[in-house]
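Work through the exercises below with the sequence and the structure at hand. Each task is followed by a solution in steps.

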Amino acid sequence: DIKQGELVRYLLNPFPYYWIKFFEEIPYRILQGLYGIILFLLSSFLFEGLFQSGINANFILFGLLSASIAFMISFTMKMVIGYSAFWFTDNRSIAEAIFILTIIFAGQVVPLDLFPNQLKEIVTLLPFASMIYFPVIIFLGKVTAIEILRIVSLQIFWLVFFLFLERSIWKKGIREFTAVGQ
């Protein structure tokens, strides 16, 4: 929107740009989640012996809470990265670098449990683990109640950090924004 000049049509809306984009993203994420649930149910039906079903309702509840916060962190971080378009004509390299860091440090390539202990401690403090790794281990029931409290607290910290960063970058960026029309 910033690079294409489409941001102008959002500026006079009664709702902040952040929330407009947030609610535009929700249907896609719900659909994506439904695909994941269907795939999981189908896989668990076809490969009964490979799945353990010892998950209780508390893990599902806290997993949903953690996944919701993770979505908010991920979305807000992407908005912050997108706002770099206020200053850079091509911000794809920044977005791709963050994407690669997320893949590596969120446990998508290698589970964080296989990292050396010191590196794992550092990586779990970064926001990347809060976006993917932590909700997964909560859903799997691999954490205690105290660890869940620590995880959710860390996720809330990152969410507040990125929300503050988003607001300040938006305010500075909107002062820099110029659009030309026909």
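**Exercise 1: Helix 2 and its surface**

Task: State where leucine 34 is placed, then find the nonpolar surface patch to which Leu34 contributes.

Solution. Leucine 34 sits in helix 2, which covers residues 17-46. In this predicted model, leucine 34 has a relative accessible area of 44%. Buried means under 20% and exposed over 50%, so leucine 34 counts as partly exposed. The residue belongs to a nonpolar surface patch of about 820 Å². The patch is made by Ile30, Leu31, Leu34, Tyr35, Ile37, Ile38, Phe40 and Leu41.

**Exercise 2: Overall fold**

Task: How many helices and strands does the protein have?

Solution. The protein has eight helices and zero strands. Read along the sequence, this gives α-α-α-α-α-α-α-α. For the dimensions, take the principal axes: the C-alpha atoms fill a box of roughly 65 × 35 × 25 Å. Of the 182 residues, 32% are buried.

**Exercise 3: Salt bridges**

Task: The structure holds five salt bridges. For the pairs listed here, classify each partner as buried, partly exposed or exposed.

Solution. Begin with glutamate 24 and lysine 21, whose side chains meet at 3.0 Å, N to O. The two are separated by about one helical turn, because they lie three residues apart in helix 2. Glutamate 24, at 43% relative accessibility, is partly exposed, whereas lysine 21, at 16%, is buried.

Next come aspartate 90 and arginine 92, which form a salt bridge of 3.0 Å, N to O. Aspartate 90 is partly exposed at 37% relative accessibility; arginine 92 has 52% and therefore counts as exposed.

Last, arginine 167 pairs with glutamate 166 at 3.1 Å, N to O. Arginine 167 is partly exposed, at 32% relative accessibility, but glutamate 166 is buried, at 2%.

**Exercise 4: A loop leucine**

Task: Where is leucine 126 placed, and what separation do the C-alpha atoms of leucine 126 and leucine 154 have?

Solution. Leucine 126 lies in the loop between helix 5 (117-125) and helix 6 (127-131). With a relative accessible area of 27%, leucine 126 is partly exposed. Along the chain, leucine 126 and leucine 154 are 28 residues apart, while their C-alpha atoms are separated by 9.3 Å.

**Exercise 5: The second largest pocket**

Task: Give the volume of the second largest pocket and describe its lining.

Solution. The second largest pocket holds about 190 Å³ of space. It is lined by 13 residues, of which Ile2, Lys3, Ala85, Phe86 and Thr178 are the closest to its centre. By class, the lining has seven nonpolar, four polar and two charged residues.

Key:
Residues are numbered from 1 along each chain as its sequence is written. This is a predicted model: local features need pLDDT of at least 70, side-chain atom pairs count only at pLDDT 80 or more; totals for chains, interfaces and linings use all residues. Side-chain values use heavy atoms; hydrogens and water are left out. On a 1 Å grid over the protein atoms alone, a cavity is a set of points where a 1.4 Å probe fits but cannot get out, and a pocket is an open set with protein on both sides within 12 Å along at least five of seven lines; lining residues have an atom within 4 Å of a point. Grid points are joined across faces, edges and corners, and a volume is the space filled by probe spheres set on the points. Ala, Val, Leu, Ile, Met, Phe, Trp, Tyr, Cys and Pro count as nonpolar, Asp, Glu, Lys and Arg as charged, and the others, Gly among them, as polar. Patches are made of residues with over 30% relative accessible area and no salt bridge: like charges are joined within 9 Å, nonpolar side chains (Val, Leu, Ile, Met, Phe, Trp, Tyr) within 5 Å. Accessible areas come from the Shrake-Rupley method with a 1.4 Å probe; for residues, only the protein chains shown count as cover. A salt bridge is a side-chain nitrogen of Lys or Arg within 4 Å of a carboxyl oxygen of Asp or Glu. Helices (H or I, at least four residues) and strands (E, at least two) are DSSP runs, numbered from the N terminus. Buried means under 20% relative accessible area, exposed over 50%, partly exposed in between (1.4 Å probe, protein chains only).
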